Amino acid sequence: MAGTITEKIFRARCGRDVTAGEVVMAPISGAMIHDITGPLAIEKFYEMGGKQVFDPEKIIMLFDHQVPADSLNAAEIQKNMRIFAKEQGIHNYDIKEGVCHQVTLEKGRVCPGDIVIGSDSHTCMYGAVGAFATGVGSTDMGFALRYGCLYFRIPESIRADVTGEFQKRVGAKDLILNIIKDITVDGATYKAVEFTGDTIGSMNMAGRMTCCNMAIEMGGKAGIVPPDQVTKEYLSGRCTCRDEDLVSDPDAVYASWRDYDVSDLVPQVATPHNVDQVVDVTEIAGTHVDQVFIGSCTNGRFEDLQEAAEVLGDKKFSDDVRVLVIPASKAEYLKALRAGLIEQFVEAGALVEAPCCGPCMGGSFGLIASGEVSFSTSNRNFRGRQGSAEGKVYLGSAATAAATAIRGEITDPREVR
C-alpha cells in the first residue's frame, strides 16, 4: 500500500496498514513537558488515577519559558515539577540546557520514525529529523504520561517541493514565511506538511528545524523532512537512525502538492498581526523599530547567530534599538562563544542572555511597551505576543534582524556592506 512518510510512521508504530483519516491509538516514543504547560499535564495525570508514569526514560522535562524563575508563581511551579521528576525517576534538564525543542533534538531524544508529543505547539520542529512530532493539550499529555499512547487522527499531507538556490542572505526563514503566505495560517489545518526537493536536501539541519518549527503557523499538525545523509550526520552520536531511508512512495496520495523555487526569493517579513501577512522586505524597508530579538527555537542556533554576525561585521547596533541575543541552548551558546560571536554582539551593543525563550511568549523579560515595535526572529507576531497588545511585532530572518538592528529600521540585509 503506497503511503506518505507520515502514514508509514503510523503503520510501523501501530503494526498494521493505516491511512490518512483513520483514528488510531498509537504508542508514543517520547513526551516533552516544560514549565508552562507541564504542571497542568501532571495535574491531569493524577486526576486520571496516575501513580507512576508509563516510562520515565521516555519523558523529557525542562524549564525554558520563565527562567530563571521570574516570579514567585514560576518558582513554585518549577519546585513542584522538580519534586514530580524525582518521585517519578524522570531526568529533568531543569534550567541548564535551553529551549525545549532545541534541547530535545540535540540530546538525541527524537529519532527518525518516532512519534513524539509535546505540551507545546512548536513540538512539530522535531520533524526535521524525520519523526512525526506534534503539540498536544494538557489532558492529552496527562493521558500519555500515564498510558504511553494517545489517540491520533492520522493527518493527510501537503507536500512542499522546494527547488532552486538561495540568493546571498536569503534562507530557510524567508522560505518558510513565503510558504506560510501561500498556504495561509489555516490552510494546512490538521495536515502534515512534508518538505522535499533539492533545496531541502541541501539544507542544513538548522534550516530544516526552522521550516518544521513553523508548520504550526499554517495550521499544520506536523512538519516533516524525510531523513537522509544530513539527518544521519546530525544524529551521529545522539541516537540511532533506525529509519534513515524512510520516504514517501512515488504514488502516495497528498491533499495538495505545491512547488516553490527559491532562486528569485528575496528576504521576507511577516507584518503585524498575523504570520501569513508576509511581504518582501523592500515593501516595508524604513519602518522604525525599538527592539530586535535574535533567538528562539526558530532561529536561535549557531548558524543563525553566525548569519547575524556576518551582516554585523565590525559595525555597531543603532543606539535607538534594544538588541537582545538569546541562543537556543547551552550547546549553541558555547559554539557562538568559542567562535567569538558573543563578544562581537556585546561590543556592538547587544544584551546577550542565557539560553531560554526570553520575550518570545511575552511572559518573561524583554517585553515591548505600547506603541513600540519589535523585529524578531521568532515564530509568532500575534497582538500582545511580546508584551503590550498596543505594540507591533515583525518577523524575519537573523540576517534581516541584524541589518535592522544596525540601522534602527527594517532593512534589506543585502544592502548592508
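This is a predicted model: local features need pLDDT of at least 70, side-chain atom pairs count only at pLDDT 80 or more; totals for chains, interfaces and linings use all residues.

Reader: In which helix is Thr199 found?

Author: The helix in question covers residues 198-201, and Thr199 falls inside that range. The helix is α7.

Reader: Which backbone oxygen does the side chain of Thr199 reach?

Author: Beyond its neighbours within four places in sequence, Thr199 is in contact with several residues, among them Val162, Gly164, Phe166 and Val262. Thr163 also belongs to this group of contacts. At a distance of 3.2 Å, the side chain of Thr199 reaches the backbone oxygen of Thr163.

Reader: Is Asn213 buried or exposed?

Author: Asn213 has its place in helix α8. A residue counts as buried under 20% relative accessible area. The value for Asn213 is 0%, and therefore Asn213 is buried.

Reader: Which side chains are joined to that of Asn213 by a polar contact?

Author: Residues up to four places away in sequence being set aside, Asn213 touches His122, Cys124, Met125, Cys297, Thr298 and Asn379. A polar contact of 3.0 Å joins the side chain of Asn213 to that of Thr298. Another, of 3.2 Å, joins the side chain of Asn213 to that of Asn379.

Reader: How many Å apart in space are Asn213 and Glu307?

Author: In sequence, 94 residues separate Asn213 and Glu307. In space, from C-alpha to C-alpha, the distance between Asn213 and Glu307 is 19 Å.

Reader: Which element gives the most residues to the lining of the largest pocket?

Author: The largest pocket holds about 420 Å³ of space. With five residues, the element that gives the most is α12.

Reader: How many residues of the lining of the largest pocket are charged?

Author: The largest pocket is lined by 19 residues, and those nearest its centre are Val170, Gly171, Ala172, Asn204 and Glu307. By class, the lining has six nonpolar and seven polar residues, and the number of charged residues is six.

Reader: What is the volume of the second largest pocket, and which residues are the closest to its centre?

Author: The second largest pocket has a volume of about 220 Å³. Of the 17 residues that line it, the closest to its centre are His65, Asp120, His122, Met361 and Arg385.

Reader: Which elements each supply at least two residues of the lining of the second largest pocket?

Author: The lining of the second largest pocket has six nonpolar, seven polar and four charged residues. The elements that each supply at least two of its residues are α4 (100-106) and α11 (296-299).

Reader: Why are the buried residues of α14 on the same side of the helix?

Author: In helix α14, residues 341-348, the buried residues are Leu341, Ile342, Phe345 and Ala348. They lie on the same side of α14 because they cover an arc of only 135 degrees around the axis.

Reader: Which residues are exposed on the other side of α14?

Author: The buried residues of α14 pack against α12, β14 (322-326), α13 (330-338) and β15 (351-352). On the other side of α14, the exposed residues are Glu343 and Glu347.

Reader: Which residue just after α14 takes a positive phi?

Author: The phi in question is about 115 degrees, and the residue that takes it, just after α14, is Gly349.

Technical notes: Residues are numbered from 1 along each chain as its sequence is written. Side-chain values use heavy atoms; hydrogens and water are left out. On a 1 Å grid over the protein atoms alone, a cavity is a set of points where a 1.4 Å probe fits but cannot get out, and a pocket is an open set with protein on both sides within 12 Å along at least five of seven lines; lining residues have an atom within 4 Å of a point. Grid points are joined across faces, edges and corners, and a volume is the space filled by probe spheres set on the points. Helices (H or I, at least four residues) and strands (E, at least two) are DSSP runs, numbered from the N terminus. Ala, Val, Leu, Ile, Met, Phe, Trp, Tyr, Cys and Pro count as nonpolar, Asp, Glu, Lys and Arg as charged, and the others, Gly among them, as polar. Buried means under 20% relative accessible area, exposed over 50%, partly exposed in between (1.4 Å probe, protein chains only). The arc is that of the directions from the helix axis to the C-beta atoms. Contact means heavy atoms within 4.5 Å. A polar contact is a pair of N or O atoms within 3.5 Å; within protein, one must be able to donate a hydrogen and the other to accept it, and residues adjacent in sequence count only if both atoms are side-chain atoms.
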